[in-house]
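Hi,

I'm passing this structure on to you, with some notes on what turned up when I went through it. Have a look at it first, and then read on below.

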Amino acid sequence: MVDRRSLGSWLEGPPSDENSWPGKRLGRPRTGPGSIGRVGPRLGAIIIDWAIASVIGYAFFDGSSTAILAIFAVEQIVLVSLLGYSIGHRAFSLQVQKLDGRPAGPLAAVVRTLLLCLVIPAVVFDEDQRGLHDRAMGTVLVKVKH
């Protein structure tokens, strides 16, 4: 459960210590495979996934916003459950993992996606650049290639 102490880390702003980086507290490297996925690639990934959902939504459901959101959610749940990444994540060499490096799994994919679709949990993040949707499920979005 997210409590006031969990939220305090993002309220304090980014770390000021030069020997600190997003993911250091989690045992993640500063750069390279296993490091925390940065904001740019994350945004690129979600834009790709949303564009795919939009194309399908316009092609088959007259552009219904509910249909587009549902298609986006199904893509996220199915692909993150089975592979650990969506099409957008794959394009930017990102993967959703548990904190110990294992695949996210079905339960984490479902809950994480439902929270992601609410938007707010995704834009409120901590010093490790983990959104509330990742914190809630003990997951992290990491780079898997250089």
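A word on terms first: buried means under 20% relative accessible area, exposed means over 50%, and partly exposed is in between (1.4 Å probe, protein chains only). Please keep in mind that this is a predicted model, where local features need pLDDT of at least 70, side-chain atom pairs count only at pLDDT 80 or more, and totals for chains, interfaces and linings use all residues. Residues are numbered from 1 along each chain as its sequence is written, and side-chain values use heavy atoms, with hydrogens and water left out.

Now the overall picture. The chain has seven helices and two strands, taken as DSSP runs numbered from the N terminus (helices are H or I, at least four residues; strands are E, at least two). Starting at the N terminus, the order is α-α-α-α-β-α-α-α-β. Of the 146 residues, 42% are buried.

Next, a helix pair. Helix H3 (residues 65–82) packs against helix H5 (residues 106–117) at an angle of about 150°, and their axes are 8 Å apart. Axes here are lines fitted to C-alpha atoms, for helices over the stretch in contact, and angles run from 0 to 180 degrees between N-to-C directions. The angle makes H3 roughly antiparallel to H5 (under 35 degrees is roughly parallel, over 145 roughly antiparallel, 65 to 115 roughly perpendicular, the rest oblique). On the H3 side, the residues in contact (heavy atoms within 4.5 Å) include Phe72 and Gln76, and on the H5 side they include Thr113 and Leu116.

Glutamine 76 has 2% relative accessibility, so it counts as buried. Apart from neighbours within four places in sequence, glutamine 76 touches Asp49, Ser81, Ser86, His89, Thr113 and Leu116.

Phenylalanine 72, at 3% relative accessibility, is buried too. What about aromatic pairs? The count is one, where rings of Phe, Tyr and Trp (its six-membered ring) pair if their centres lie within 6.5 Å, and planes under 30 degrees apart count as stacked, over 60 as edge-to-face and the rest as tilted. The rings of tryptophan 50 and phenylalanine 72 have centres 5.3 Å apart and planes at 55°, so this pair is tilted. Tryptophan 50 sits in helix H2 (residues 39–61) and phenylalanine 72 in helix H3, so the pair ties together parts 22 residues apart in sequence. With 36% relative accessibility, tryptophan 50 counts as partly exposed.

Best wishes
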